[in-house]
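Dear colleague,

Please have it open while you read.

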Amino acid sequence: MKTNETIEKGKKTHFQVTAIGTSGAEIDILKNIVSDLALDSGRAYLIFENLSSPQTKNLADELTLHTPIPVIEIVHHIDIQPNHIYIVPENNFLIHEEGILKLQSKNRISKTDNSFDVFFEAVGQTYKAYAIGVILTWFPLDGSVGLKKLKEAGGSTIAVHSKRGIIQNKETSEYIDYFTAPHETAHKLLQIHESNLITHSYEEKEEATPSEQELLDQIIEILLLKTGTDFKHYKHSTLRRRIAKRMVDNKQETVEKYIDLLRSSPKEQDLLFDDFLISVTYFFRDQETYDNLCKTTIPFLVENIFNNTIRIWSAGCATGEEAYSLAICIHEYLEEINRSDIRVQIIASDLSEKCITKARSAIYTVQDIKNINEKRLAKYFTKRDNSFHINKIIRDMCVFAVHDLTKDAPFAKIDLVSCRNVLIYFDTDLQKQVLASFHYSLRTNGYLFLGKSEWAHHVPHLFSAVDKLDKIYIRNTIASLQPKKISHNDDYYNTLKINELAETKQDYSSITSDILLDHFSAAAVLINQDFEIVHFHGDTSPFLRLASGKPSFNILSMAHDELVFQLRNYILRAKNEKKNFSGEFLASKRQPFLNSFEIIFLPSHPELLLIIFYQNSISSKDIMDG
């Protein structure tokens with residue numbers, strides 16, 4: 001049997017391709033699904049049996065008995081055509097190489113515990129939005145990463161319920177779009193296809209007809225009123241695909257009907273908002289790229305360290321894997337050069353509160369950590385209750401905050417900004433705005449680290465490439481001004497009243513940034529009634545620090561000792577008397593300045609207080625007198 005032939009020419013596909021990952025043990029479920037598929041569906045099917053378990057002999061012949069659709073075992077060079085089922089032959093991987101699918105023979109040294117991952121990723125990379133990944137059986141270390149990457153490429157994912165199938169829970173729902181019974185799978189595929197057609201989700205074009213654009217604008221407006229986040233400059237092709245998913249979940253046959261549902265359901269507004277915020281991430285994504293960053297950029301940061309502190313901003317950190325990867329990378333290097341005296345602060349931010357909550361927990365599944373080598377796993381993780389907990393030495397380097405890149409003020413005095421696979425979801429105007437924000441936040445000679453499919457060549461005045469392949473850039477020295485935000489339509493935006501937002505989930509970042517951008521430029525935090533910090537603004541490191549022990553964002557736990565007594569008293573007075581208070585300037589240990597603060601009572605948000613920090617340099621006379 002010839003098994004090294006190309007399967008697919010790199011020509012454009014305009015029909016849905018369903019990749020079914022199964023095992024020999026699930027042959028009966030597979031037969032049931034195949035028997036339900038329509039002869040003239042207009043879709044193609046690729047079936048692959050996992051290489052880690054016994055495979056079915058003559059699978060093509062077996063399935064031919066259960067469907068009128070032509071079933072073909074891949075042997076020679078062929079083109080994938082609709083209304084056909086293609087079987088990947090025994091003892092072969094299906095891989096993506098140079099833009100096309102290929103077979104690769106299994107040999108004695110082949111690693112087989114990732115064959116599902118390779119299969120789903122290959123189909124996703126080849127067919128993009130036309131790809132659907134269906135998994136029938138669960139392997140502890142295989143499948144989740146591949147399905148994540150297929151979804152990241154624009155496709156959809158389905159898990160079929162079975163005794164050996166993926167269990168539906170919070171973790172698996174991060175990469176599975178739909179869970180179905182075997183007898184419902186064929187219908188679910190049809191629903192997804194029809195919803196994608198209605199919403200034009202197969203198309204990558206950003207332009208739309210006036211009527212289509214009007215419908216999308218209505219959805220964006222509803223979410224803006226609910227969440228305070230404007231998706232106008234996000235890639236519309238991505239938004240359309242997520243709308244299509246919600247239409248399938250709610251059995252809505254038209255966009256107009258879905259909009260009616262969306263207007264009347266705050267819960268559906270939250271679900272669509274979460275779906276818009278694609279949160280696909282991995283530990284040490286692109287391992288060779290990380291190795292290069294650790295060998296070249298991190299040493300430079302150490303050589304040019306300021307105030308014995310390295311400050312890193314992991315922007316769009318999703319569920320935290322990127323931030324913790326950076327922390328591990330830096331810790332390893334500092335150990336290697338024996339510089340335990342250097343302080344590392346990694347500010348990790350994301351718009352999704354759900355993602356930030358998981359990131360703060362620092363708990364990951366066996367699938368999440370599968371690409372971490374044994375040495376790192378033993379040193380930086382502790383296994384408890386079938387989960388892997390990141391150790392304190394790494395957790396203490398990271399602070400997580402909800403933050404909107406598109407409108408919130410950037411963090412300040414940063415040495416390295418890592419923002420990987422976030423810009424790809426923005427249009428060009430918003431990309432330029434965010435890159436200008438990164439330039440503003442970086443110190444002189446600071447670095448920018450982007451994803452493989454991203455670049456900063458459209459802002460050459462802001463950044464110069466250090467490594468074009470691994471997308472590492474250095475900040476250009478120019479007159480640095482606060483970046484301008486993309487303006488909204490004034491008449492439209494002025495209709496968003498604060499009382500409309502008050503009935504919904506609080507947008508803490510918006511409250512803070514709007515006040516500070518209009519009136520202040522100092523470091524500040526927003527706290528709730530329980531003294532918990534709900535939003536950071538600017539560089540608060542001279543005034544706050546991570547408390548030892550259990551992670552806490554209580555301001556009294558994080559504030560420097562000399563401020564705690566005044567802070568507690570004035571916070572209580574501000575809450576009770578409903579007015580502003582200012583603290584006295586106090587000396588700080590081992591710092592050449594005096595610290596103070598102002599507590600701002602917010603009449604429109606009485607459950608919150610804004611605390612703004614100030615510094616005054618200590619003169620030589622003060623030092624002598626002290």
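Cysteine 317 is buried, at 1% relative accessibility. The model is a predicted one, and in it the closest cysteine sulfur to that of cysteine 317 belongs to cysteine 355, at 7.7 Å, which is too far for a bond, since a disulfide is counted only when two cysteine sulfur atoms lie within 2.5 Å. Cysteine 398 likewise takes part in no disulfide, its nearest cysteine sulfur being that of cysteine 317, 9.1 Å away, and cysteine 398 is buried with a relative accessible area of 6%.

By that rule the count comes to one disulfide, and the bond joins cysteine 294 to cysteine 329, with an S to S distance of 1.7 Å. Because cysteine 294 sits in helix H10 (residues 287–303) and cysteine 329 in helix H11 (residues 321–336), the pair ties together parts that are 35 residues apart in sequence. Cysteine 294 counts as buried at 15% relative accessibility, and cysteine 329 is buried as well, at 3%.

Turning to the backbone, most residues other than glycine have a negative phi. Aspartate 286, although not a glycine, has a positive phi of about 60°; this residue lies in the loop between helix H9 (266–276) and H10, and at 30% relative accessibility aspartate 286 counts as partly exposed. Aspartate 385, also not a glycine, has a positive phi of about 55°; its place is the loop between strand S13 (381–384) and strand S14 (387–390), where aspartate 385 counts as exposed, at 74% relative accessibility.

Key. Residues numbered from 1 in each chain as written. Predicted model: local features only at pLDDT ≥ 70, side-chain atom pairs only at ≥ 80, totals over all residues. Heavy atoms only, no water. Helix = DSSP H or I, 4+ residues; strand = E, 2+ residues; numbered from the N terminus. Buried < 20%, exposed > 50% of the residue type's maximum accessible area, 1.4 Å probe, protein only.
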